Each structure stands twice: as C-alpha cells, then as structure tokens.
Amino acid sequence: MTILVLKSFISILFLLLTLAAVFTMFEVYGRGQKRFDVERLKRIHRLNGIAFFIVLLVLAGLGMAYIALTRAELSPRAVFHVMLAHGVLFLFLFKLAIIRCYRQFYAKVPTVGILIAFLALGTIASSTGYYILSGGLTSGTLRETGAAPAPAGCGAAPATPAPES
C-alpha cells in the first residue's frame with residue numbers, strides 16, 4: 001500500500017469525522033425541537049473533535065513525509081491543499097482557545113466550526129478527491145506503473161516533431 005492510498009483511506013475517515021461534527025452541532029444549534037439529547041450530542045462532538053485532531057495530525061505527518069520523499073517542488077494544487085490544511089489546523093486551535101480561554105468570543109464558535117468544516121472539505125477534495133477521480137485507487141492504472149502520459153491537448157508534447165521551416 002502506497003502512502004497515497006493510505007492517505008486516501010485516512011482522508012475518508014477525516015471526511016466522516018467532519019460530517020459527524022457538522023451534524024452534531026447543527027442538531028444542537030439549528031433545530032427548534034430537539035430530536036436528540038443535547039448533552040449527549042455535545043459529548044459526541046467533543047470526542048469527535050479529539051479524533052478529528054488526531055487524524056489531522058496523522059494526515060499532516062503523512063503529507064510531510066510524502067513531500068520529503070518526493071523532493072520535488074509542489075504543484076499549484078498541492079500548494080492549495082497545504083494552505084487549506086494549515087487553515088484547518090489554525091482555525092481548530094483558534095476554536096479551542098476560544099472555548100478554553102476566551103469565553104467572551106464564544107458566540108463566534110459556530111462560525112469558526114463551519115469554516116473548519118468547509119476548509120476540511122476543500123482539503124479533502126483537493127487531494128483525495130483528485131486522487132480518486134484520476135484513478136488512483138484502481139488497480140493496474142498508469143499511475144501505479146509510473147507511465148502516466150499527459151493527455152493530448154493539455155500541454156502535452158506532440159507525438160511527432162513538427163517539421164522545421
């Protein structure tokens with residue numbers, strides 16, 4: 001199993017944790033009539049947040065390992081992915097700081113949580129989404145053999161050289 005496949009599977013878990021966090025807080029703050037016990041939802045959200053943070057750190061470590069192993073300059077998509085991931089990390093820590101220390105900003109926590117969810121979804125889409133859509137999880141792809149040619153018409157070099165004038 002390659003590091004990209006491992007990151008993809010862990011990213012799917014990250015996606016599920018993100019969706020669980022959004023669902024729990026939408027149920028707490030977004031419904032007039034509560035379908036579930038609010039205290040239980042908050043406890044689930046807190047435990048989910050701990051798991052979210054652990055998975056975020058694991059994915060960050062795998063991402064840094066991948067960058068170190070490739071020893072190449074990052075593509076624009078990869079740079080965008082890294083910036084989104086940094087945003088998730090910094091906003092998550094900011095949210096924790098508000099909850100733990102700066103209670104006067106507590107009214108901003110739901111907005112910060114939604115921002116974290118959107119950035120997390122963007123992070124996942126820009127890496128795992130791209131990897132899966134480009135055939136990264138299918139067996140026998142050109143990606144696994146290392147012979148992935150550029151598609152015709154997308155800046156690829158012509159198959160035959162152009163005649164000189």
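Author: Let us start with Leu19, which is found in helix H1; helices (H or I, at least four residues) are DSSP runs numbered from the N terminus. This is a predicted model, in which local features need pLDDT of at least 70, side-chain atom pairs count only at pLDDT 80 or more, and totals for chains, interfaces and linings use all residues. Residues are numbered from 1 along each chain as its sequence is written, and side-chain values use heavy atoms, with hydrogens and water left out.

Reader: Why does Leu19 count as partly exposed?

Author: Buried means under 20% relative accessible area, exposed over 50%, and partly exposed in between (1.4 Å probe, protein chains only). Leu19 has 44% relative accessibility, and therefore counts as partly exposed.

Reader: Is Thr18 buried or exposed?

Author: Thr18 also lies in helix H1, but counts as buried because its relative accessibility is 3%.

Reader: Which residues is Thr18 in contact with, leaving aside its neighbours within four places in sequence?

Author: Contact means heavy atoms within 4.5 Å. On that basis, Thr18 touches Phe52, Ala117, Ala120 and Leu121.

Reader: Which residues of H4 are buried?

Author: Among them are Val109, Ile116, Ala117, Ala120 and Tyr131.

Reader: Where does H4 bend?

Author: The bend at a residue is the angle between axes fitted to the seven residues ending there and the seven starting there. H4 bends by about 35° at Ala125. Just after H4, Gly135 takes a positive phi of about 90°.

How values were computed:
Helices (H or I, at least four residues) and strands (E, at least two) are DSSP runs, numbered from the N terminus.
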